[in-house]
Amino acid sequence: MNTYAGRKYIVAGIILIIGLVYVVRLFSLQVLDSSYKFSADSNSRRSKILYPARGLIYDRNGQILVYNEAAYDLMINPSQLCSFDTIDFCEILNITPEDVVNKIREARNYSYYKPSVFLKQISSITYAVLQEKMYKFPGFFVQPRTLRNYPKKIAAHVLGYVGEVDDQIIEQDPYYQLGDYIGISGIEKSYENQLRGEKGRKIVLVDVYNREVGSYQSGWYDKLPVVGKNVVSTLDAGVQEYGEHLMQQFRGSIVAIEPLTGEILALITMPNYLPDLLVGRSRGNNYKILAEDTLKPLFDRALMAQYPPGSTFKTVNGLIALQEGVINTHTEFECYMGYFFGNIKVGCHLHDSPLDFIHAIQNSCNSYFTNVFKKILTDPKFDNTEEAYNNWREHIVSFGFGNLLGTDFVNELKGFVPTSDYYDQVYGKNHWNFLTVRSLAIGQGELGITPLQMANLSAVIANRGYYYIPHVVKEIEDEQGIDERFLDRHYVSIDSIHFVDVVEGMDLAVNGGRGSTAWRARMKDVVVCGKTGTAENPHGEDHSIFIAFAPKEEPKIAVSVYVENGGFGNIWAAPIASLVIEKYLNDTISRSYLEEYVLNGIRPDQ
């Protein structure tokens, strides 16, 4: 009997404990943890993402380059869908019943409970009509968004564009959800974290007609969005616009840099595209058209094209020869319309002979700089050609060639400067010498240099031996300065004293008398120093190249211009560079005849 009574109490105790556990759990669920109650009542509430306005982008003078316009996304929550008038719905949105079926299926495949985008970026007119009839379409709601707009239709490659995130981005960064937008290229991508701001949240009550009737818990659970930070770019909008105007009939690029800071004043690639083509619902279709265009308007030539630098590279080889002591500024070489060795010839044009270093730059003598390169690679202090070549290449790399400069552009390429191993693989170990690689003497051969790197070379010479990493953002709202890497001087491996003679040669190339190869770049009141280049092109007419800086003392702008199939550097590249320099320094153009020549091919002497 006592055993039975004991068991009875044990069983009663177990039941009591289980009951107590259930009571505590129910109290926790219903009173302490409101999230379960919220989930149960989710059909009467809606959580809306509040997207922040994306930060604005300005030029260096305060002109706005990118701002925001209101847009609306139609959202769907499959768990809240009920029967609705499909015909009326389709007429409002200008879509077909098949579209509705497919989009509902896509939304259910994504999530039965989470909202997703049903239709992106509906117009304000459509939004107004839809909002009045929203009660007819349970499970749908409208979410405000913003679209980028461009008061000046310029700098598409620099500014970049915004697009919808894909699954890979969502996987990599939990901040983003399906339907979110992210910077895809240019400043929009490089400074995405600053420009995007921070999303907020608003929980609203809805009635049986799917209409919003107020805030949940007086907004206690709401979170305000944080507006994106505004960005001041280094671009000069006037110079950028003018440069694009000058290049409209060409393929190629212009890069302009402020030498004392590394700030990019203009970065132009042609052909380009209107930035607003990659905005809104037509973005996908427009992108396809641009991507299939044989002129490659999406290809950023200024940062990604890798060209032979042509005769502009003679300045670098000359500096290396002076640094290594294999020549001095008084060293002379004869030129008989080129350099000859047996049946090997490096051709040249008619000019005075012999020439010293400064006048060899002025005349852009191929024979002179072939001899200079020979001196570099046969320098007796090295045991063999390979050692001399490796020493030469170390100098070249110090100028920023063959490597990424480290800009704030995500699509910058590093170009190509062949290593000695490269030539070992092509010709065999110890089976190549100066004559084998002689094309490097005049900036030809295997060299691949980007227009940005060529502009940086111009900045190095302007600064007499150093550069700041080129960058395109000057200031970010509420942040103390820019990335410190853009504030460090990078010295090349050449002593500053040697730049004096190169600058003199570049001065004479523009402003000297007979033998000046860049006379079209001459300005009346400003001393422009420049160097032409002509890159051989096996597929057509040679490319026209020019690097320059101005004024000669205390330079304010350094430029590179590359015109594909433009012939000699002085034909197109030099006058274009000169006009860009004048626009930046004076904000006006006094040489209308030169502008007419560039835009319409009408020469003043015709």
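Modeller: A cavity is a set of points on a 1 Å grid over the protein atoms alone where a 1.4 Å probe fits but cannot get out, and its lining residues have an atom within 4 Å of a point. This is a predicted model, in which local features need pLDDT of at least 70 and side-chain atom pairs pLDDT 80 or more, while totals for chains, interfaces and linings use all residues. Residues are numbered from 1 along each chain as its sequence is written, and side-chain values use heavy atoms, leaving out hydrogens and water.

Biologist: How many cavities of 30 Å³ or more are found in the whole structure?

Modeller: The search finds 1, and the largest cavity holds about 30 Å³ of space, a volume being the space filled by probe spheres set on the points, which are joined across faces, edges and corners. Its lining includes His157, Glu244 and Thr269, and the elements giving two or more residues to this lining are helix H6 (156-159), helix H10 (237-246) and strand S12 (263-270). Helices (H or I, at least four residues) and strands (E, at least two) are DSSP runs, numbered from the N terminus.

Biologist: Which residues of helix H3 are buried?

Modeller: Buried means under 20% relative accessible area (1.4 Å probe, protein chains only); in H3, residues 86-93, this holds for Asp88, Phe89, Cys90, Ile92 and Leu93. After H3 comes Asn94, whose phi is positive, near 60°.

Biologist: How many disulfides does a search of the whole structure find?

Modeller: A disulfide is a pair of cysteine sulfur atoms within 2.5 Å, and the search finds 0. Cys365 has the sulfur of Cys335 as its nearest cysteine sulfur, 3.7 Å away, and Cys365 is itself buried, with a relative accessible area of 1%.

Definitions and conventions: Buried means under 20% relative accessible area, exposed over 50%, partly exposed in between (1.4 Å probe, protein chains only). On a 1 Å grid over the protein atoms alone, a cavity is a set of points where a 1.4 Å probe fits but cannot get out, and a pocket is an open set with protein on both sides within 12 Å along at least five of seven lines; lining residues have an atom within 4 Å of a point.
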